[in-house]
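Thanks for coming. I will go through a few backbone details and then stop for comments.

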Amino acid sequence: MPGSSCSGDAGILRCASCAGTMCDCSRAGVPAMFPASLRTSFLLLALAGTVDANAASGDPEAARFQRDLLAVLECRAGADTQQIVANTLRAARYGDPDRRPLHLRDWHFEHAGDTGDAAVTVIDMPVPLILQGVQTRRVFADDQGFSIAIDAAARDRIVASHGLQLRSSTLREPFKVWSAQSVDGSVSTPSIMVRSDGDEYRLGCAAPHVGTQVAQSPDRQQRADANDLTAAIECRADDAALRRVGRLLQQVMEQPQSEWPAEVRAVSAPTHAINGTVLPVFQIELQTPLQIQGVDTDRLLVAPAGLFAADLGRVSVASVLLDAGLNAADQQAGVQVWQREASRSGLASGSIRINERVVARADDGSVLTGCSSSQMHKAESDPENANIPH
């Protein structure tokens with residue numbers, strides 16, 4: 001991006017100054033061979049482990065480095081220790097091999113994958129690590145953080161022993177993440193995280209999320225709850241509730257899965273067609289269903305056009321219309337869509353926000369119900385100048 005200073009294939013950083021590139025950003029002083037989570041929070045992965053003591057035999061420097069490395073891998077190291085370990089490994093990766101410390105002479109570093117999201121630095125060690133009962137000599141560093149490879153059996157065991165919760169997304173990798181419950185996405189204790197890696201799995205650490213606009217919001221502790229979501233779908237939410245819902249949606253769409261609110265379990269982009277026309281939506285699945293117009297559903301839909309709705313499944317459209325206060329006069333010509341203005345309010349910008357109740361029956365028989373919001377300038381709201389579609 002303009003103004004950034006990026007170079008080399010050191011690793012993957014995701015930051016405002018060099019998003020999506022292989023950069024050498026140094027605002028926090030952390031080497032670029034490692035991911036952005038190190039640069040912003042200096043936390044790697046929370047793993048219980050051991051190192052072969054024989055590797056440090058007779059070498060105090062080696063013993064100290066291995067203790068520091070273990071502390072980092074177990075997420076108990078301070079920022080200074082983490083930076084020492086990161087600097088040492090980066091120097092070994094890019095420095096003169098003949099000038100490496102003796103205890104790192106046999107370590108091997110290799111860049112693999114593309115220069116985009118799939119890029120990874122592979123670190124092969126002569127010293128075996130035993131983390132959560134898994135022995136390995138290889139550590140991966142990518143844009144998700146540090147991790148080791150595990151199989152499905154280890155995944156199931158670790159997920160069960162730590163009570164991790166599955167969160168999945170088809171919008172971007174990793175597609176599945178098992179992590180501890182996130183309360184509000186603000187600063188929290190780092191915890192173990194398991195994520196998918198193609199047909200394999202990785203064991204890593206979900207680091208605290210610090211310093212984002214969301215986390216710094218003055219009313220960050222005011223989180224959207226079931227009442228806010230229901231009110232927004234039924235076109236009766238006030239401005240404060242809409243802001244809370246907006247923050248929840250922003251957190252889900254922009255933050256890693258390990259930092260989603262506890263009530264969210266999955267995000268996808270399903271296909272909903274109405275009279276053959278595909279409606280582009282994002283679908284958010286909840287851990288606990290909401291009751292919308294007397295129907296339990298865990299599927300919320302967000303459309304770019306300003307629609308916030310719920311998928312009620314294959315229920316009677318007549319009963320949904322009745323509960324929404326709509327009738328045959330509100331049906332759009334030639335389509336299974338019913339729409340009527342519910343409210344309008346002035347905004348600080350001088351515009352007017354118009355909320356409309358919407359019910360639609362998709363081609364697969366499922367019924368969608370929600371609220372569509374749009375804005376108009378005041379001049380457009382003049383009856384002589386406005387042509388408000390319904």
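Buried here means under 20% relative accessible area. Cys235 has a relative accessibility of 12%, so Cys235 counts as buried. Please keep in mind that this is a predicted model.

Staying with Cys235: its place is the loop between helix H5, residues 226-233, and helix H6, residues 239-254. Phi of Cys235 is positive, near 60 degrees, and the residue is not a glycine. For background, most residues other than glycine have a negative phi.

Next, Gln132. Which loop holds Gln132? Gln132 sits between strand E3, residues 120-131, and strand E4, residues 134-142. Gln132 is not a glycine either, and its phi is positive, about 50 degrees. Is Gln132 buried or exposed? With 13% relative accessibility, Gln132 falls under the 20% cut-off and therefore counts as buried.

Strand E3 also contains Pro128. Pro128 has a relative accessible area of 11%, so this proline is buried. From the C-alpha atom of Pro128 to that of Arg138 the separation is 8.3 Å, and the two residues are 10 apart along the chain.

The last item is a peptide bond. Most peptide bonds are trans. The bond that joins Glu173 and Pro174 is cis, with omega about -5 degrees. Where is Pro174? Pro174 lies in the loop between strand E6, residues 165-169, and strand E7, residues 176-179.

To recap the backbone points: positive phi at Cys235, positive phi at Gln132, and a cis bond between Glu173 and Pro174. Comments, please.

Key: Residues numbered from 1 in each chain as written. Predicted model: local features only at pLDDT ≥ 70, side-chain atom pairs only at ≥ 80, totals over all residues. Heavy atoms only, no water. Helix = DSSP H or I, 4+ residues; strand = E, 2+ residues; numbered from the N terminus. Buried < 20%, exposed > 50% of the residue type's maximum accessible area, 1.4 Å probe, protein only.
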